[in-house]
Amino acid sequence: MKFILNVLWLVLSGFWLALGYVFAGIICCVLIITIPFGIASFRIAGYALWPFGRTAVVRDDAGAGSAIGNVIWIIFAGWWLALGHIITGIALCVTIIGIPFGIANFKMIPISLMPLGRDIVSTDEPFAAR
């Protein structure tokens, strides 16, 4: 079932959302100081392509650097990506078939706002990163 949901997700919204994350990652990798943001963006792009069967968990070793980085991320890129998830989620929730995909979009808003200090793991092992 996860495979079918992921394929439908990819067609309906996953490809375009992943392109947004890749674009943000490329922009972040232009400067040396923002490379960690670019790496986080590329990691989330993979999650945006294939979200069903995976989840984001907070890392135990995330510290003040992640918190400061997340504030910088929200200001420059996070709110654009979160806005993309909100608009796509609302558009998908208009139809009955799209409601699960809209909910998946809303589930991705926290990681699009604060990507640093989080890992994406399989739902079969949600605490594998800890």
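User: Leaving aside neighbours within four places in sequence, what is tyrosine 21 in contact with?

Analyst: This is a predicted model, where local features need pLDDT of at least 70, side-chain atom pairs count only at pLDDT 80 or more, and totals for chains, interfaces and linings use all residues. Residues are numbered from 1 along each chain as its sequence is written, and side-chain values use heavy atoms, with hydrogens and water left out. Taking contact as heavy atoms within 4.5 Å, the partners of tyrosine 21 are Ser41, Ile44, Ala45, Ala48, Leu81, His85, Met108 and Ser112.

User: Are H3 and H4 roughly parallel or roughly antiparallel to each other?

Analyst: Helices here are DSSP runs (H or I, at least four residues), numbered from the N terminus. H3 and H4 pack with their axes (lines fitted to C-alpha atoms over the stretch in contact) 7 Å apart, at an angle of about 165 degrees. Angles over 145 degrees count as roughly antiparallel, so this pair is roughly antiparallel.

User: Which residues in H4 does H3 meet?

Analyst: From the H3 side come His85, Ile86, Thr88, Gly89, Ile90 and Leu92. The H4 residues they meet are Ile99, Phe101, Gly102, Asn105 and Phe106.

User: Is serine 66 buried or exposed?

Analyst: Serine 66 sits in helix H3, and it touches Leu116 and Gly117, leaving aside neighbours within four places in sequence. The cut-offs are under 20% relative accessible area for buried and over 50% for exposed, with a 1.4 Å probe and protein chains only. At 18%, serine 66 is therefore buried.

Technical notes:
Axes are lines fitted to C-alpha atoms, for helices over the stretch in contact, and angles run from 0 to 180 degrees between N-to-C directions. Helices (H or I, at least four residues) and strands (E, at least two) are DSSP runs, numbered from the N terminus. Angles under 35 degrees count as roughly parallel, over 145 as roughly antiparallel, 65 to 115 as roughly perpendicular and the rest as oblique.
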